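Open the model in your viewer and keep the selection tool at hand. The tour goes from one selection to the next.

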Amino acid sequence: MIKDITIGQFFPGKSFIHKLDARIKIVLTGIILVMIFVCGNFYSLGLMSAFILFSFLLTRLSLRLILKSFKPLVLILVITSLLQLYYVDKGEILFSWRKLSITSGGVYMMIFITVRILSLILVSSLLTYTTSPTSLTYAIESLLSPLKVFKVEVHTFAMMMTIALRFIPTLIEEIDRIMNAQKARGADFETGSLVSRIKALFPIFIPLFVSSFKRAFELADAMSCRCY
């Protein structure tokens, strides 16, 4: 599951999307995100989803990346879908059991919200998949340069965002390494009740925090040595 998280990772390529200016990609991503939220019916949302999927195909990246980016969020999608079924009571009643009623409006809203969330995840991932951290830094700094008039440290802000994105894959690898070490010592993360699984994750947090702070200090020292 940990290895399936692809958020923040960059996959080099020679496609049109890869070669597109990072500033343009950031602006287009923002516009598409707003349009996805504005969509009020399946026709408009379907067109946006088709456009996003077509853009992903232009990158020539493996379709497995889509499934890998969605897999860690399956539980959130299921919970969100079930909440829509329970709280939306508009339309014809399709199923009723005690106080639980499933209506056609609830089913419609469940599918609509699920497609919207998947589209948001895909278009956000598309930006990091096709843009290197360095390009993102320069693009964010360039787009926010007007804020320098108000004495905002634009370069520092852009660097912070880029470092955060860059360290996501590193933290994922660190979590996987710690989990394998704990499994070698007899830890079990896959069996038992939900409560026991959550308790089994606590031994991972402490070494993860220690390692994260160590990396942060090492990065700060390295940047200081380079007169940053």
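The stops below cover a loop residue, the salt bridges and a surface patch.

This is a predicted model, in which local features need pLDDT of at least 70 and side-chain atom pairs count only at pLDDT 80 or more, while totals for chains, interfaces and linings use all residues. Residues are numbered from 1 along each chain as its sequence is written, and side-chain values use heavy atoms, with hydrogens and water left out.

**Stop 1: a loop residue**

Select T59, found in the loop between α3 (42–58) and α4 (64–70). Helices here are DSSP runs of H or I with at least four residues, numbered from the N terminus. T59 has a relative accessible area of 3% and is therefore buried (buried means under 20%, exposed over 50%, partly exposed in between, with a 1.4 Å probe and protein chains only). Now show the backbone of F56: the side chain of T59 reaches its oxygen at 2.4 Å. Which residues is T59 in contact with, leaving aside neighbours within four places in sequence? They are S15, I17, H18, L126 and T130, where contact means heavy atoms within 4.5 Å.

**Stop 2: the salt bridges**

Side chains of opposite charge can pair when their charged atoms come close. A salt bridge is a side-chain nitrogen of Lys or Arg within 4 Å of a carboxyl oxygen of Asp or Glu. The count by this rule is 3.

Select R23 and D21, which form one of them, with the closest N and O atoms 3.1 Å apart. R23 is partly exposed at 37% relative accessible area, and D21 is partly exposed at 31%.

Move to E174, which is buried, with a relative accessible area of 6%. E174 forms a salt bridge with R177, the closest N and O atoms being 2.4 Å apart. Both residues lie in helix α8 (residues 154–184), 3 residues apart, or about one turn of the helix.

Through shared partners, E174, R177 and R215 are joined into one network. R215 counts as partly exposed because its relative accessibility is 32%.

**Stop 3: a surface residue**

Finally, select F213 in helix α9 (residues 194–225). Is F213 buried or exposed? F213 is exposed, with a relative accessible area of 52%.

How values were computed:
Helix = DSSP H or I, 4+ residues; strand = E, 2+ residues; numbered from the N terminus. Polar contact = N/O pair within 3.5 Å; in protein donor to acceptor, adjacent residues only side chain to side chain.
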